[in-house]
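Subject: Structure for you to look at

Hello,

Here is the structure I promised you. Please open it next to this message and follow along.

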Amino acid sequence: MNIQYLQTDFLVVGGGTAGTMAAIKAKQVSPESDILILEKANIRRSGAIAMGMDGVNTAVIPGNSTPEQYTREITIANDGILNQKAVYETGRLGFEVIQELESWGVKFQKDHEGNYDLKQVHRVGKYVLPMPEGKDLKKILARQVKRHKVRVTNRVMATRVMVQDGRVIGAVGLDVRSGDFVVIQAKAVVLCTGACGRLGLPASGYLYGTYENPTNAGDGYSMAYHAGAELTNIECFQINPLIKDYNGPACAYVASPFGAYTANAEGHRFISCDYWSGQMMLEVYKELNSGKGPVHLKMYHLDDDTINEIETILWANERPSRGRFHEGRGEDYRTHGVEMNISEIGLCSGHSASGVWVNERAETTVPGLYAAGDMASVPHNYMIGAFVYGRIAGENAMDYLQDLEHIEPDADFLKAEQERIYQPLNQANGVPHTQVEYKLRRLVNDYLQPPKSPTKMDIGLQKFVAYEDTLDIMGASDPHELMRCMEVHFIRDCAEMAARASLYRKESRWGLYHYRLDHPEKNNDEWFCHVNLKKSESGHMELFKRAVEPYIVDVNLENEVYDVAVR
Amino acid sequence: MPPLPVGERAATTLSDPDPLLKENPMALTNQRVDVPVIVDESKCLEKCVACIEVCPLDVLVKNPETGKAYMKYDECWFCLPCEKECPTNAITVQIPFLLR
Ligand SMILES: Cc1cc2nc3c(=O)[nH]c(=O)nc-3n(C[C@H](O)[C@H](O)[C@H](O)COP(=O)(O)OP(=O)(O)OC[C@H]3O[C@@H](n4cnc5c(N)ncnc54)[C@H](O)[C@@H]3O)c2cc1C
Ligand code: SF4
Ligand code: SF4
């Protein structure tokens, strides 16, 4: 094993949606600075948008909606627990991001008059902007990264952020092909490693049959935690209504503007709005448990031309293997509903709200450490939010690091981290990561899948804590397997956080995401706050309440309850 | 280890057993699984690495003996970059058996 030493001004960990934008924006504001993207895969086709997107879910386009309206919509959908200032930025800057992407060649749908063709999927406003030709989004971003002369190191997985003298000084990682240990000194770091998509076990039993790109195993959640940063809303899980077994979006956001809707087995509507929320998931859960399941996305009442158009979009973008999945089962949108199921749990603020705590400047609580995208705590942020926060992080980091010097990494830290990473190689015949991960994620299903019960979660927590020792018996025989072993470490950390945060918040909120059987009601008197956690000085997981920042947009939460049930 | 043909489909082992079995023959079994990615070797170009470079899960490699690509690890998101970027259409991605 060799050691590679790298140095950069600004290190971007994860070159997906947020990461590529963070690097580009940093270069735009400071062309002389050195910017490095460290990517576990290859930025050309990595992360959630590896095969593009069907559409923008959170587009605030002047003339259609305002950042205030958007902030209000998300405040209500997220049951009031959010930093409105942070959400507001997604509304304020999203349009500029869309225009810049367009100037790079990304295509958004326009009507006959050349206006953005926005669709209503949310409860009130129109924020969904289709991108039927979105499949090469990532290639376009990779090209811009190159044009902006950002350095890229592909196939290196970050494993820890280095913090010394009260600030971030870089990160370390593993070259997943050569097996080299990589040490990167940086004056500021942004973590953009996406969701924790491998937390629960999919019902199919296939470890990689997840909604999220399974490369995103919660790496950033875990790294930020070990760096001492605060995380928040972890108990607000990501749970999605997905194509049964396939575990990808059905996708009502694309199809509902054409007249499709989510229906029960009788073909009737039971939710008034297809926008994903915990409240919606609770209705799906109730429907499935009422004998009126399974639920399905209903399109068979639409005409042939419409269905052809929907197929063209769904089978070319985002999750293009959807077409062959249906075909393999002999199912057709013209005759069959798309059977849907409740997914296993994950962590993702892009869809719900769990993430590393950030303010409206993308700063975490550790100086010099930024976070953006699905792993940063701006709720319902989706793709445009990832771009916006990538931009904010990139710009602010360049400002922050101007007068800083590099700090020499602590030798003991590096030695300990090397030992941790390479330990599975010493016991190649140890238990394979596949089995260790399978069992861990099966335990997550057994003990954390809502509805949540305190005794079950307690048992789960004890098992996740004890699993620290199980990690030590994993064996690996090549760098690829080492990568997977390190991912199991990340997943275990996330499982422990998920259990502790869910036990701590003694009320129910966010519909199914945090539905506690012992406290089935919302309790604003005691729990109108964030639950944050961090690693204490003594190395333990510490939980505490953090007040909700004062609102900048008035919302009367007593009157405006998020309710999507059809009665 | 290069994939073994199973009926018409490719298959591989969950972990490469040879070096490990020497150390501890009882610890691991060599388990056959159906893998989602099939490479038509007659079309695969020896100098090309396009699919290997784009795969987000890094599960494709070249067989050093034949110079042809194959799926070494059964860890696939059925996302299709490998198939789309192959210059000769040598790759077919199937939905993994457990989901199919
Ligand atoms: C199937 C699906 C459909 C979606 N549909 C829509 C939609 O229609 N509209 C919409 O607006 N949003 C949609 N979203 C959400 C949107 O795609 C995400 O919110 C957004 O892309 C997240 O960006 P990100 O930068 O946080 O993560 P990603 O773009 O996933 O980037 C994370 C990157 O980090 C890398 N990485 C991970 N761990 C490490 C590590 N340890 N070291 C180095 N690199 C690492 C990954 O390889 C990846 O490149 C969808 C998401 C999914 C999964
Ligand atoms: S479908 Fe995706 S994950 Fe599977 S081999 Fe191809 S690129 Fe890799
Ligand atoms: S992209 Fe196609 S031709 Fe190139 S290595 Fe892969 S299978 Fe072979």
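Below is what was found, one topic at a time. Keep in mind that this is a predicted model.

**Ligand 1**

Start with ligand 1. It has 38 residues around it. The closest are Thr17(A), Glu39(A), Ser46(A), Gly55(A) and Asp374(A). By class, the shell holds 17 nonpolar, 14 polar and seven charged residues.

Which elements of chain A each supply at least two residues of this shell? There are helices H1 (17–29), H5 (219–226) and H10 (382–401).

Now look at the backbone. A backbone N or O atom of Ala18(A) lies 2.8 Å from an oxygen atom of ligand 1. For Met383(A), a backbone N or O atom is 3.2 Å from a ligand 1 oxygen. For Tyr382(A), the distance from a backbone N or O atom to an oxygen of ligand 1 is 3.5 Å. How much of ligand 1 does the protein bury? Taken alone, ligand 1 exposes 1,000 Å², and the protein buries 99% of that.

**Aromatic rings**

A pair of aromatic rings is described by two things: the distance of the centres and the angle of the planes. Over all chains, the count is 14 aromatic pairs.

Take Tyr70(A) and Tyr127(A). Their ring centres are 5.4 Å apart and their planes stand at 65°, so the pair is edge-to-face. The cut-off for that label is an angle over 60 degrees. Tyr70(A) sits in helix H2 (residues 67–77) of chain A, and Tyr127(A) in strand E5 (residues 126–130) of chain A, so the pair ties together parts 57 residues apart in sequence. Both Tyr70(A) and Tyr127(A) are buried.

Then find Tyr370(A) and Tyr400(A). Why is this pair edge-to-face? The planes of Tyr370(A) and Tyr400(A) are at 70°, with the centres 6.3 Å apart, so the pair gets that label. This pair links distant parts of the chain, 30 residues apart. Tyr370(A) is in strand E16 (residues 369–371) of chain A, and Tyr400(A) is in helix H10 of chain A. Tyr370(A) counts as buried because its relative accessibility is 2%. Tyr400(A) counts as partly exposed because its value is 28%. The cut-off for buried is under 20%.

Some rings also group together. Tyr211(A), Tyr253(A), Tyr275(A), Trp276(A) and Tyr382(A) form one aromatic cluster.

**Charges over rings**

Two places are worth a click. Arg319(A) lies over the face of Trp77(B), at 3.8 Å from the ring centre. Lys545(A) lies over the face of Trp527(A), and the distance to the ring centre is 4.3 Å.

**Far in sequence**

Tyr300(A) and Tyr333(A) are 33 residues apart in sequence. In space, they are 5.8 Å apart, C-alpha to C-alpha. Where is Tyr300(A) found? It is in the loop between strand E13 (295–298) and helix H8 (304–314) of chain A. Tyr300(A) is partly exposed, with a relative accessible area of 32%.

Check the prolines. The peptide bond from Gly293(A) to Pro294(A) is cis, with omega near -5°. Pro294(A) lies in the loop between helix H7 (278–288) and E13 of chain A. Pro450(A) and Pro451(A) are also joined by a cis peptide bond, with omega about 5°. Pro451(A) is placed in the loop between helix H12 (433–448) and helix H13 (454–471) of chain A.

Last, check phi. Lys149(A) is not a glycine, yet its phi is positive, about 60°. Lys149(A) lies in the loop between helix H4 (137–147) and strand E6 (151–153) of chain A. Is Lys149(A) buried or exposed? Lys149(A) counts as exposed, at 65% relative accessibility.

Asp58(B) is not a glycine either, and it has a positive phi of about 55°. Its loop runs between helix H2 (50–54) and strand E5 (60–62) of chain B. Asp58(B) is buried, with a relative accessible area of 6%.

Best wishes

Methods. Residues are numbered from 1 along each chain as its sequence is written. Chains are lettered from A and ligands numbered from 1 in the order in which they are written. This is a predicted model: local features need pLDDT of at least 70, side-chain atom pairs count only at pLDDT 80 or more; totals for chains, interfaces and linings use all residues. Side-chain values use heavy atoms; hydrogens and water are left out. A residue is near a molecule or strand if one of its heavy atoms lies within 4 Å of it. A polar contact is a pair of N or O atoms within 3.5 Å; within protein, one must be able to donate a hydrogen and the other to accept it, and residues adjacent in sequence count only if both atoms are side-chain atoms. Accessible areas come from the Shrake-Rupley method with a 1.4 Å probe; for residues, only the protein chains shown count as cover. Helices (H or I, at least four residues) and strands (E, at least two) are DSSP runs, numbered from the N terminus. Ala, Val, Leu, Ile, Met, Phe, Trp, Tyr, Cys and Pro count as nonpolar, Asp, Glu, Lys and Arg as charged, and the others, Gly among them, as polar. Rings of Phe, Tyr and Trp (its six-membered ring) pair if their centres lie within 6.5 Å; planes under 30 degrees apart count as stacked, over 60 as edge-to-face and the rest as tilted. Buried means under 20% relative accessible area, exposed over 50%, partly exposed in between (1.4 Å probe, protein chains only). A charge sits over a ring if NZ of Lys or CZ of Arg is within 6 Å of the ring centre and within 35 degrees of the ring normal.
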